[in-house]
Amino acid sequence: MKNYLAPMEGVTNWVYRNAYHDCFYPMDKYFTPFITAKPNKRLSSKEIKEVSPETNGDLPVIPQVLTNNAEDFVKTAHIFRDEYGHREVNLNLGCPSGTVTAKGKGAGFLGEPDKLERFLDEIFAKCNIQISVKTRLGMEDASGFPELMKLYNKFPMKELIIHPRVQKDFYKNTPNLEAFGEALAISKNSVCYNGDIFSADDFKRIHAQFPNVECFMMGRGILADPSLAREIRGGKAADQSDIRRFHDLLYHTYREEVSGDRNVLFKMKEIWFYLAPMFADSKKYAKKIKKSERCVVYESAVNELFANCRFTGTQSK
């Protein structure tokens, strides 16, 4: 069985991935937040850090690309291969954001199957790099997903990662496990499951339903409980010292890499949105963290939370 860290815009960047890998159970693959492919694309300094061996070391990082233009995808994929040594690139057909789907990208591309087929034809013909795909079931409902699966089956994907929701669900409602099972039964490509694994029990339930699935991608569940992959493997749940070490590594790296208190705190406040529920009666201190505008104030609020709130881990969710 393999575990992957899902790409989450603004959160699971190279800083997060390195801190996570150092503190918790290592993932088999780490997918970058999407990098938008553009004409005459050269990577920005921020994007270079996402894919460079200098910042990722030996981590098994998979760059994810967002585009509906085949030529732009091919150019960007070849940059990843030729300049940074990547052997796999992932196509984002799952992002549900309205600003993305309105441009026919991410999950929005699923609403144009003819155009998508021409796109896939071209990128698989022209890319000398393995291509995996992360998809949703469709835009409005899952009725068209069997046809999408027929389309996906035409191409030799490294992996098909299925998040069994439609675009309009965003992250609400329940994953459509029936549709996932039907897709799994007919897929000619290796399939990875993604969606709503927040506990070891969630994993056991889904794995019991689909015992042939060997790969599981987790995103929000890892952010809310960084030791989740370790727990799934039979290891111990995080304790307060684990979370403190993880936090401090994240925070000090951001202070070194990001300019200005405001930008550092923007990153850390996003992390606390997920971590604060691991502590009982943390609302007062989480509010202080959220309101802090200077690092010195933030550090004081964090120290208060760790000193005064009982760590309950997953039980408080």
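This is a predicted model: local features need pLDDT of at least 70, side-chain atom pairs count only at pLDDT 80 or more; totals for chains, interfaces and linings use all residues.
Helices here are DSSP runs of at least four residues and strands are runs of at least two, both numbered from the N terminus.

Let's start with the largest pocket. Helix H5 (98–101), strand E10 (215–218), helix H10 (220–224) and helix H13 (261–275) each contribute at least two residues to its lining. Nearest the centre of this pocket lie Pro7, Met8, Glu9, Pro96 and Tyr171.

In the second largest pocket, the residues nearest the centre are Asn13, Trp14, Lys46, Glu50 and Lys267. H1, helix H2 (45–51), H12 and H13 each supply at least two lining residues there, and H2 gives the most, with 5 residues.

Here are the two side by side:

| Pocket | Volume | Lining residues | Classes in the lining |
|---|---|---|---|
| Largest pocket | about 650 Å³ | 33 residues | 16 nonpolar, 10 polar, 7 charged |
| Second largest pocket | about 490 Å³ | 22 residues | 9 nonpolar, 6 polar, 7 charged |

**A pair of packed helices**

Which residues of H1 and H12 meet? From H1 come Trp14, Val15, Tyr16, Ala19, Tyr20, Asp22 and Cys23, and from H12 come Arg245, Phe246, Leu249, Leu250, Thr253, Tyr254 and Glu257. Sorted by class, this contact has 10 nonpolar, 1 polar and 3 charged residues.

Notes: Residues are numbered from 1 along each chain as its sequence is written. Side-chain values use heavy atoms; hydrogens and water are left out. Contact means heavy atoms within 4.5 Å. Ala, Val, Leu, Ile, Met, Phe, Trp, Tyr, Cys and Pro count as nonpolar, Asp, Glu, Lys and Arg as charged, and the others, Gly among them, as polar. On a 1 Å grid over the protein atoms alone, a cavity is a set of points where a 1.4 Å probe fits but cannot get out, and a pocket is an open set with protein on both sides within 12 Å along at least five of seven lines; lining residues have an atom within 4 Å of a point. Grid points are joined across faces, edges and corners, and a volume is the space filled by probe spheres set on the points.
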